[in-house]
Amino acid sequence: MSRILVTGAMSGIGAALTAQLRSDGHTVLTLDRTPGADIVADLSDIAAIDSAAARIEGPLTGIAHVAGVPGTAPPAVILAVNTVAPARLNHLLEPKLADGAAIVIVASVTGHRCLWPEPQVRALIEGGAQAANAIAATVDGVEAYQISKRGALVWASMAAAALHPRGIRVNAVSPGPVETPILRDFEASIGKDRLDAAAALTGRHGRPDEIAEAVRWLLSRASRWVNGIELKVDGGYHALRSA
Ligand code: NAI
């Protein structure tokens, strides 16, 4: 029997993924700060993460870490929700993961704008909330978002290596701009001009179901030989921008 945890399931990409997984016949456990989720928890709060993890019953055959906040949130919250929370939640849930489980984190192509060397990003992940708060005091929201998504990418490789002995795979999906409520916040943080320029390059913004399809595949047996990768699902934005 498959049981998959989806965070950020009450909106956008997480909601689309939940619908797809349920239509495939999976049991989906939803976690979100928004009432209506199976587990209502604020992932910016360490105590809430710990309490949520304690309430989640195993075995889980998959986890999709989709919850995220944009660059308009305070830097400490951005680093907490986008990097520290998935790493901590995943760690706490390890004993409840079935061998052979699949894990996916939704990062962002924006993570590539963070030019930090990998050891510095690893220090953030390993330092948890304390490290995140120290960094948050030195950066604005836009930079915090870039760092947080690079953190998500580096975490995925670290977790893939750590969980490989149990046959547990960990991959990352990096969207470009996607038509979800968070896009309005991106307009406020990085500017509508930059988003319009991205849409001009690729022809349009992505749709939540298009990102969810990639996560769904990485959670499935069809991707069983794929581990530790970043799958960009951005209509070619990253390549076109760099060309
Ligand atoms: P969204 O705003 O529609 O959904 C985000 C979900 O995360 C919401 O259900 C929200 O309640 C939940 N969430 C936020 N903070 C939380 C917290 N502290 N505790 C628990 N739940 C929390 O946005 P969207 O687009 O579906 O975002 C999903 C992921 O995709 C995020 O990680 C985002 O950074 C990433 N992403 C989105 C892009 C876009 O253009 N929409 C582009 C690149 C990455």
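Analyst: Happy to! First, a term: a cavity is a set of grid points where a 1.4 Å probe fits but cannot get out. Please keep in mind that this is a predicted model.

User: Which element gives the largest share of the lining of the largest cavity?

Analyst: The largest cavity holds about 70 Å³ of space. It is lined by 13 residues, and among those closest to its centre are Thr-7, His-65 and Pro-86. Two elements give two or more residues to this lining, helix H3 (75-93) and strand S5 (97-106). The largest share is 5 residues, and it comes from H3.

User: Where does the ligand sit?

Analyst: A molecule sits in a pocket if more than half of its atoms lie within 2 Å of the pocket's grid points. By that rule, the ligand's place is the largest pocket.

User: How much space lies in the largest pocket?

Analyst: The lining of this pocket counts 49 residues, with Gly-68, Val-69, Tyr-145, Ile-182 and Phe-186 closest to the centre. By type, they split into 26 nonpolar, 15 polar and 8 charged. The space in the largest pocket comes to about 940 Å³.

User: Which element gives the most to the shell around the ligand?

Analyst: The shell has 31 residues, and the closest include Ser-11, Asp-32 and Tyr-145. Helix H1 (12-23), helix H5 (141-163) and helix H6 (182-190) each give two or more residues to the shell. With 3 residues, the top contributor is H6.

User: What share of the ligand's exposed area does the protein bury?

Analyst: Let's start with the polar contacts, which are N or O pairs within 3.5 Å. A side-chain N or O atom of Lys-149 lies 2.9 Å from a ligand oxygen, and one in the side chain of Thr-34 is 3.2 Å from a ligand oxygen. Arg-33 uses a backbone N or O atom instead, 3.2 Å from a ligand nitrogen. On its own the ligand exposes 830 Å², and the share of this that the protein buries is 96%.

Notes:
Residues numbered from 1 in each chain as written. Predicted model: local features only at pLDDT ≥ 70, side-chain atom pairs only at ≥ 80, totals over all residues. Heavy atoms only, no water. Near = heavy atom within 4 Å. Polar contact = N/O pair within 3.5 Å; in protein donor to acceptor, adjacent residues only side chain to side chain. Areas by Shrake-Rupley, 256 points an atom, 1.4 Å probe, with all protein chains shown as cover. 1 Å grid on protein atoms, 1.4 Å probe; cavity = no way out; pocket = protein on both sides within 12 Å on 5 of 7 lines; lining within 4 Å. Helix = DSSP H or I, 4+ residues; strand = E, 2+ residues; numbered from the N terminus. Points joined across faces, edges and corners; volume = space filled by probe spheres on them. Nonpolar A, V, L, I, M, F, W, Y, C, P; charged D, E, K, R; others polar.
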